[in-house]
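Please look through the model below before reading on, and keep the sequence at hand.

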Amino acid sequence: MFNKIAVLGAGTMGRGIAQVFAQHGIFVVLYDPNANAIKAAKQALGDKQALGQKEWNLQYADNLTDAVKEADLIIETVSENLEIKRELYRLLTPLLKKDAIVVSNTSTYSLETLAQQQSFAKQMIITHFFNPAAIIPLVEIVQLAETEQEITERVIELLLRCGKVPVLLKKDIAGFIANRLQAAVMREACYLMESGVADASQIDTAMKEGPGMRWAINGPFEIADMGGLDVWEKVTGHLFPQLDPNLLSPESISNKVRLGELGVKSGKGFYEYGDASVRDTQSNEREQKLLQIVKLKENH
Ligand SMILES: NC(=O)c1ccc[n+]([C@@H]2O[C@H](COP(=O)([O-])OP(=O)(O)OC[C@H]3O[C@@H](n4cnc5c(N)ncnc54)[C@H](O)[C@@H]3O)[C@@H](O)[C@H]2O)c1
């Protein structure tokens, strides 16, 4: 039974994760030491809460002790920086109630790296949500051999109750399943753009109107079975030697970062985005489309 959940970090992911549990009737405290992050979270979640019929039991905190006090589950979703995460774990340790479960929403660190030398290591797992966390069903779960089995089972049960689709990995690996697959696609997309085969919008169109359509319904192995494994032996055999083997972050991304063109959050990335209100409208439209896809899948 989870009576109180503390979500640490009120950024993009913390807000969405807090929403998942709050709208399922669980008491959630969303903590961030940055007053601007709390303000933005209140605004964004207040708007969403107003659309729903049920009252959420959601509180905000800028004090870690208050946030963690008596919490059964602590969800760490602070910036993807090992020093920041470890410093937070250090502050957290004396505040944890006995039997509290700690999970991290890291995108890239292995659990072994995060749990190293933590007193709560056996009660720590990774729950990797996808953005927007309140809509995308997948949550990848990582445990270690020494993790207390009951911890993983209880978290999975909670996620299922909140309508999520947990996938428990058989091994601890950085990037998990889905981010490794996304990174592989991104490497080839950047290669195609940088070598002048197509521009960003052509590549995005090819993905959205092609493989992306069926990936919401079938995964790569189902698609290979449908196409015929003899065909896929040729596809992989002919194309693998021609795919980009680059081991560094693609130049087309690093150049943009150097220019401060970080995508939607800075108003410009591979595309141009309007001011904050235009971006909010675009984000709401995107979320509505995603919700429709989720609903369509639920009904079949
Ligand atoms: N953005 C994504 O698509 C995505 C998807 C899955 C997982 N993740 C992972 O989730 C985590 C958070 O990512 P995000 O995109 O929400 O980042 P973000 O930059 O939007 O938010 C991070 C928040 O952490 C806060 N923070 C920093 N230090 C803190 C501390 N000591 N205590 C509490 N809060 C602190 C910051 O003020 C900020 O509000 C990262 O580990 C990231 O890799 C991100």
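This is a predicted model: local features need pLDDT of at least 70, side-chain atom pairs count only at pLDDT 80 or more; totals for chains, interfaces and linings use all residues.

Residues are numbered from 1 along each chain as its sequence is written, and side-chain values use heavy atoms, with hydrogens and water left out.

A nonpolar core is here a set of buried Ala, Val, Leu, Ile, Met, Phe, Trp, Tyr and Cys residues joined through side-chain atoms within 4.5 Å, where buried means under 20% relative accessible area, exposed over 50%, and partly exposed in between (1.4 Å probe, protein chains only). The largest such core has 32 residues, and Ile5, Phe21 and Leu73 are those that touch the most other members. Helix 1, residues 12–22, gives the most to this core, with six residues; helices (H or I, at least four residues) and strands (E, at least two) are DSSP runs numbered from the N terminus. A second, separate core of 29 residues includes Leu64, Ala71, Leu92 and Leu96. Leaving aside residues up to four places away in sequence, Phe21 touches Ile5, Ile26, Val28, Ile75, Phe129, Leu158, Leu159 and Cys162, a contact being heavy atoms within 4.5 Å.

On a 1 Å grid over the protein atoms alone, a cavity is a set of points where a 1.4 Å probe fits but cannot get out, and a pocket is an open set with protein on both sides within 12 Å along at least five of seven lines; lining residues have an atom within 4 Å of a point. The largest cavity has a volume of about 30 Å³, a volume being the space filled by probe spheres set on the grid points, which are joined across faces, edges and corners. Helix 6 (149–161) supplies the largest share of this lining, three residues, and the lining of the largest cavity divides into eight nonpolar residues, one polar and no charged. In these classes Ala, Val, Leu, Ile, Met, Phe, Trp, Tyr, Cys and Pro count as nonpolar, Asp, Glu, Lys and Arg as charged, and the others, Gly among them, as polar.

The second largest pocket holds about 250 Å³ of space. Of the 15 residues that line this pocket, Gly9, Asp32, Pro33, Val78 and Ile84 lie nearest its centre, and helix 4 (residues 82–92) gives the largest share of the lining, four residues.

Turning to the backbone, most residues other than glycine have a negative phi, and most peptide bonds are trans. Asn131 and Pro132, however, are joined by a cis peptide bond with omega of about -5°. Glu70, in the loop between helix 3 (64–68) and strand 4 (73–76), has a positive phi near 65°, and Glu70 counts as exposed because its relative accessibility is 51%. Asp99, in the loop between helix 4 and strand 5 (101–104), likewise has a positive phi, of about 75°.

Asp99 is among the residues touched by Gln123, which lies in the loop between helix 5 (111–115) and strand 6 (124–129). Gln123 counts as buried because its relative accessibility is 17%, and a polar atom of its side chain lies 3.3 Å from the backbone oxygen of Ala100.

How values were computed
A polar contact is a pair of N or O atoms within 3.5 Å; within protein, one must be able to donate a hydrogen and the other to accept it, and residues adjacent in sequence count only if both atoms are side-chain atoms.
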